[in-house]
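Please look at the structure shown below, and keep it in view while reading the report that follows.

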Amino acid sequence: MVHLEKMVALGEMSTTVAHEIKNPLTSIGGFARRLDRVISEESQEKRYTQTIIKEVCRLEKILNDLLSYTRDESLALKELDPRDILEESLSMVQEGTLWGGIQLIREFAEEVPRVLGDPLQLRQAFFNLINNACQAISESLPDRQVGTRTMKAKGILSLRVHPFSKNGSSYIKVEVEDTGKGIDPENLHNIFNPFYSTKESSLGLGLPIVHKIITSHRGQIEVDNHPGTGVRFIVTIPSSEKGKGNRINGS
C-alpha cells in the first residue's frame, strides 16, 4: 500500500511536470530545426543548433520514459507472435548508432505459441533490453586497426525464443544475451529500481519499465549475470493457448 501510494503521487507529479515542460520543449526543438535548415553547413551556428536538437531529443526521451513508468496504462491485448515483436524491436535498435561491431545470433524455435499482449508495450520492453545489450557491448569493445581505419572488435548479441511447458501450462521464453562486461554484483539488486543508474546520462528507468511491462503481462524477468563476460536477461510470458488457463484476462 505504501508503494502504491508513492506510485500514485509520483504519477500525478510527473504528469504535471511533463505537461509544463513538454510544450515549451516542443517549441524549442521546432524552432531549432527550422534554424538548422537555413544555416549553412560551414557556419559556427550550425553546431549550436544541432546541439540544441540533440539535447531536446534527450529531454523528450526522459519525459517519455518518466510517463511510461508512472502512468497506469491499460493493455491493448492482441494475439502476437513473440518472434515478430522481437524482430521489430531489433530493427528499431539497428537503425541507431550502437550497432557497429556487433554480431547477431538468432535462435528462434520453428514453432512458437502466440501470446496475448500489447504490441506497443512489449516492443518497448524488448527494445530496451536489446538497446541496453548493444550499449554494454559497445562500451566493452576495444578498438582495432584495419588498414587506415579504426574499428570496433566484434561483440555478440544473442536472441533466443523457444516454448516450454510447466505444470501443464504453456509459456514462451525470450533470452537477450550480450558479451559486454556484465553487471557489477554490488549493483545487481538495484537494476529494477526506478531512478537507479550508474550512468550520468541515464535517468534509470529503462529496466524498471521493462519489469513493469513484463509483470503486467503476467510474466517474469530474470538475470543471469557473468561479471566481466556478459549478462543474459530471461523473459518468460504465458502463451495464449486455449484451455491452458494462461490468458491474461482470465478467459
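## A salt bridge between helix and sheet

In this predicted model, E87 is partly exposed, with a relative accessible area of 31%. E87 forms a salt bridge with R106, and the closest N and O atoms of the two are 2.8 Å apart. Since R106 lies in strand β2 and E87 in helix α3, the pair ties together parts that are 19 residues apart in sequence. R106 is partly exposed as well, its relative accessible area being 44%.

Helix α3, which covers residues 82-94, lies across β2, β6 and β7, and runs at about 175° to β2.

## The sheet

The strands β2-β6-β7-β9-β8, in that order, form an open sheet of five strands with mixed pairing. Its edge strands are β2 (102-108) and β8 (220-226), each of which pairs on one side only. Within the sheet, β7 and β9 pair in the antiparallel sense over eight bridges, and the bridge partner of Y171 in β9 is P238.

E107 forms a salt bridge with R160, with the closest N and O atoms 3.2 Å apart. Here E107 lies in strand β2 and R160 in strand β6, so the pair ties together parts that are 53 residues apart in sequence. E107 is partly exposed at 41% relative accessible area, whereas R160, at 16%, counts as buried.

E175 and R232 also meet through their side chains in a salt bridge, at 3.3 Å from N to O. Because E175 lies in strand β7 and R232 in strand β9, this pair ties together parts that are 57 residues apart in sequence; both residues, E175 and R232, are buried. A network of salt bridges links E107, R160, E175, E177, D224 and R232.

Conventions. Residues are numbered from 1 along each chain as its sequence is written. This is a predicted model: local features need pLDDT of at least 70, side-chain atom pairs count only at pLDDT 80 or more; totals for chains, interfaces and linings use all residues. Side-chain values use heavy atoms; hydrogens and water are left out. Two strands pair if DSSP finds at least two bridges between them. Helices (H or I, at least four residues) and strands (E, at least two) are DSSP runs, numbered from the N terminus. Contact means heavy atoms within 4.5 Å. Axes are lines fitted to C-alpha atoms, for helices over the stretch in contact, and angles run from 0 to 180 degrees between N-to-C directions. A salt bridge is a side-chain nitrogen of Lys or Arg within 4 Å of a carboxyl oxygen of Asp or Glu. Buried means under 20% relative accessible area, exposed over 50%, partly exposed in between (1.4 Å probe, protein chains only).
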